[in-house]
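Here is a short note for a colleague who is opening this structure for the first time. The points below go from the whole chain to single residues.

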Amino acid sequence: MKAKISLLAAAVFLLLFFAVPPFRDWLVSIFALFKDPQAMREYIAAYGPLAPVISALLMILQSVAAPLPAFLITFANGLLFGVWWGAALSWSSAMLGAALCFFIARYFGRPAVVKLTSESALATSDRFFERYGKHAVLIARLVPIISFDVISYGSGLTGMGFLGFWLATGIGQLPATILYSYLGDEATGTIKILFWVFGIVIAISIVTVLIKRRTPGLERNISG
């Protein structure tokens with residue numbers, strides 16, 4: 001049932017985006033919000049009781065329209081709804097967005113995904129999956145510099161099962177979601193840099209473990 005709903009939503013979005021110019025123009029104005037954290041926060045807050053719904057829709061939208069930055073929405077949610085409610089909203093809506101990307105790729109194939117991203121971005125995703133296999137999604141979620149959305153699309157183009165993708169996404173994105181919600185608009189450039197380093201260190205640690213598992217004699221050869 002979830003797959004059918006995601007497929008229907010993807011079909012409607014693609015139809016509106018490519019066939020209805022006013023809808024596409026409206027999206028362009030929304031995309032401008034992703035350049036300004038203050039504008040993003042004010043836009044969401046202006047909807048009052050509907051603010052959580054608007055935030056969730058924006059998160060899903062940015063998932064489909066890679067590579068818009070999701071962290072701006074997460075910052076805004078942390079500030080508007082508090083750390084834990086904001087994190088819960090950002091995490092759950094990002095999960096919906098990731099699922100939508102996965103099913104767009106799975107059912108519409110590479111040509112549709114290329115239009116939403118680019119051939120070079122998908123080529124990078126292909127190499128990432130070839131190198132890290134079933135661990136690729138988890139590693140990608142832990143590293144801020146790797147596109148969340150492109151990996152979601154790339155997962156749908158592989159033979160990966162949805163459940164494995166779903167679990168890896170949920171676990172991998174949780175630390176960043178909580179941290180971004182906590183930092184909100186108080187994050188200074190130094191804190192942002194430290195967070196990126198934090199994510200990269202985690203990813204390097206995971207990759208190192210994977211390499212050691214695949215080459216059990218490597219550590220012996222180095223030490224000897």
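1. Surface. The protein exposes about 12000 Å², of which carbon and sulfur atoms supply 71%. Accessible areas come from the Shrake-Rupley method with a 1.4 Å probe, and for residues only the protein chains shown count as cover. Of the 224 residues of the protein, 42% count as buried; buried means under 20% relative accessible area, exposed over 50%, and partly exposed in between (1.4 Å probe, protein chains only).

2. Basis of the values. This is a predicted model, in which local features need pLDDT of at least 70 and side-chain atom pairs count only at pLDDT 80 or more, while totals for chains, interfaces and linings use all residues. Residues are numbered from 1 along each chain as its sequence is written, and side-chain values use heavy atoms, with hydrogens and water left out.

3. Confidence. The average pLDDT (the predictor's confidence in each residue, from 0 to 100) is 76 for the protein, and 67% of the residues score at least 70. Over residues 215-224 the pLDDT is below 50, and this stretch has two contacts in the model beyond near neighbours in sequence. Contact here means heavy atoms within 4.5 Å.

4. Overall make-up. The protein has 12 helices and zero strands. Helices (H or I, at least four residues) and strands (E, at least two) are DSSP runs, numbered from the N terminus. Among the contacts in the protein with a separation of 6 or more, 72% are between residues 24 or more positions apart.

5. Helix 9. Is this helix, residues 148-157, mostly covered or mostly open? It is mostly covered, with eight of its 10 residues buried. These are D149, V150, I151, S152, Y153, G154, S155 and G156. The cover over the buried residues of helix 9 includes helix 4 (51-64), helix 6 (83-116), helix 7 (119-132), helix 8 (136-142) and helix 10 (162-183).

6. Nonpolar cores. A nonpolar core is a set of buried Ala, Val, Leu, Ile, Met, Phe, Trp, Tyr and Cys residues joined through side-chain atoms within 4.5 Å. The largest one has 15 residues, and F128, F129, V137, I151 and F165 have the most contacts inside it. Helix 6, helix 7, helix 8 and helix 10 each supply at least two residues of this core. Helix 8 gives the largest share of this core, four residues. A second, separate core has 14 residues, including A51, L61, L72 and A94.

7. I151. Which residues does I151 touch, once its neighbours within four places in sequence are left aside? I151 is in contact with S125, F128, F129, V137, A140, R141 and I146.

8. Helix 5. In helix 5 (residues 71-81), the buried residues are L72, I73, T74, F75, A76, N77 and G78. G82 follows helix 5 and has a positive phi, near 90°. The C-alpha atom of A76 is separated by 8.9 Å from that of A45, although the two residues are 31 apart along the chain. A45 is found in helix 3 (residues 37-45) and is partly exposed, with a relative accessible area of 38%.

9. I104. This residue lies in helix 6. I104 counts as buried because its relative accessible area is 0%. I104 and V64 are 40 residues apart in sequence, and their C-alpha atoms are 8.9 Å apart in space.

10. Salt bridges. How many salt bridges does a search of the whole structure find? It finds two, a salt bridge being a side-chain nitrogen of Lys or Arg within 4 Å of a carboxyl oxygen of Asp or Glu. R110 forms one with E119, the closest N and O atoms being 3.1 Å apart. R110 is partly exposed at a relative accessible area of 28%, and E119 is partly exposed at 41%. D126 also forms a salt bridge with R110, with the closest N and O atoms 2.8 Å apart. This pair links distant parts of the chain, as D126 is in helix 7 and R110 in helix 6, 16 residues apart. D126 is partly exposed, with a relative accessible area of 27%. Through shared partners, the salt bridges join R110, E119 and D126 into one network.
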